[in-house]
Amino acid sequence: MPLRLVAGRHRGRALAAPPDRTTRPTGERVREAVFNILAHAGYGPGDGDGDAVTDAVVLDAFAGTGALAFEALSRGAAEAWLFDSSAAALGFARKNAETLGETARAHLLRADALKPPPARAQATLLFLDPPYRQGLIGPAIQALVAAGWLAPGCLVVAETAADEPAVPGLTLLDERRYGIARIGFGRVAG
C-alpha cells in the first residue's frame, strides 16, 4: 500500500518510498494523530496558542522520504528544510518534492543532524525521527541548537521506539504511544 499524505492541499497524494526497510517513514495513522495534536493542543508560536504548523518553518532533521515535512507543507507550513545523510533517502525526498510541486518551499540538504551545517533558517517546528535505539535525539538537539537552526521556543516532535527512555533534551509537553512508537512533544530544555 502506498504512503500517502493525510490532509491539506496535497491530501491523498502518494509519496515515493524505498521498497526495503532502509528508511522507516512515519505511517499515515501516526502522522494524522501527530498533526491533529499540533493543530489543536495550543503549541503555536508566541504565547503558545493556536496551530503549530500554519506558517511554520519546519526542520525535518532525519527526513528519509520527507513524509513529515511534506505533511507539514500540505497543511500550511511556510517552508521546510529536510536533512538526511543518505543520498538514497534524499533522492526519494527530492522526487516527492518534485511530484508535489514543492521544490520552492522544500529545501533538501545532504547533512547529518549530529553535525549540521551552519543555519540557513531558524525552525519553529522540528521533527526528529532518527533510527530507533541509537540515542540520537539528545545529541541532535544539541548540535542543531549550536549550529543556530532552532528558533527560540522551537517546538520539537521526536519519535523513538516505545520502549526507549523518555526523550532527552526536551521540556516535555506531552507524550503519546502508537504501537511500536513513542512521540514526544516538547520545547528545547534550558
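This is a predicted model: local features need pLDDT of at least 70, side-chain atom pairs count only at pLDDT 80 or more; totals for chains, interfaces and linings use all residues.
1. Leaving aside neighbours within four places in sequence, Phe 127 is in contact with Val 34, Phe 35, Leu 38, Val 58, Leu 59, Asp 60, Ala 61, Phe 62, Leu 68, Ala 72 and Val 157.

2. Taken along the principal axes, the box filled by the C-alpha atoms is roughly 40 × 35 × 35 Å.

3. Some totals for the protein complete that description. Of the 190 residues, 53% are buried, and the accessible surface comes to about 8600 Å², with 52% of this surface belonging to carbon and sulfur atoms. Among contacts with a separation of 6 or more, 63% are accounted for by residues 24 or more positions apart.

4. The sheet deserves a point of its own: it is open, has seven strands in the order S5-S4-S3-S6-S7-S9-S8, and shows mixed pairing. At its edges are strand S5 (106-110) and strand S8 (170-178), each of which pairs on one side only. Neighbouring strands of this sheet are turned against each other by 15 degrees on average, direction ignored. In general, strands of a sheet pair through backbone hydrogen bonds, either parallel or antiparallel. The antiparallel sense applies to strand S7 (residues 150-161) and strand S9 (residues 181-188), which pair over seven bridges; within this pairing, Val 156 has Gly 186 of S9 as its bridge partner.

5. Two helices that pack on the sheet can be described next. Helix H1 (residues 28-40) packs on the sheet and touches strand S6 (123-128), S7, S8 and S9, its direction making about 25 degrees with that of S9. Helix H2 (residues 67-74) also packs on the sheet, where it touches strand S3 (57-60), strand S4 (79-84), S5 and S6, and the direction of H2 makes about 175 degrees with that of S4.

6. The largest nonpolar core has 35 residues, and those with the most contacts inside it are Val 34, Leu 38, Phe 70, Leu 82, Leu 125 and Phe 127. Two or more residues are given to this core by each of H1, H2, S4, helix H3 (87-100), S5, S6, S7 and S9, and H2 gives the most, with six residues. Not counting residues up to four places away in sequence, Phe 70 touches Leu 5, Leu 15, Thr 65, Leu 82, Ala 93, Asn 96, Ala 97, Leu 100, Glu 102 and Ala 106. As a general matter, nonpolar side chains tend to be buried together in soluble globular proteins.

7. Helix H4 (137-146) has as its buried residues Ile 137, Gly 138, Ala 140, Ile 141, Ala 143 and Leu 144. The cover over these buried residues of H4 includes S3, S4, S6, S7, S8 and S9. Just after H4, Gly 148 takes a positive phi of about 85 degrees.

8. Asp 55, with a positive phi of about 70 degrees, is found in the loop between H1 and S3 and is exposed, at a relative accessible area of 59%. Arg 133, with a positive phi of about 60 degrees, lies in the loop between S6 and H4 and counts as exposed at 55% relative accessibility.

Terms used. Residues are numbered from 1 along each chain as its sequence is written. Side-chain values use heavy atoms; hydrogens and water are left out. Two strands pair if DSSP finds at least two bridges between them. Helices (H or I, at least four residues) and strands (E, at least two) are DSSP runs, numbered from the N terminus. Axes are lines fitted to C-alpha atoms, for helices over the stretch in contact, and angles run from 0 to 180 degrees between N-to-C directions. Contact means heavy atoms within 4.5 Å. Buried means under 20% relative accessible area, exposed over 50%, partly exposed in between (1.4 Å probe, protein chains only). Accessible areas come from the Shrake-Rupley method with a 1.4 Å probe; for residues, only the protein chains shown count as cover. A nonpolar core is a set of buried Ala, Val, Leu, Ile, Met, Phe, Trp, Tyr and Cys residues joined through side-chain atoms within 4.5 Å.
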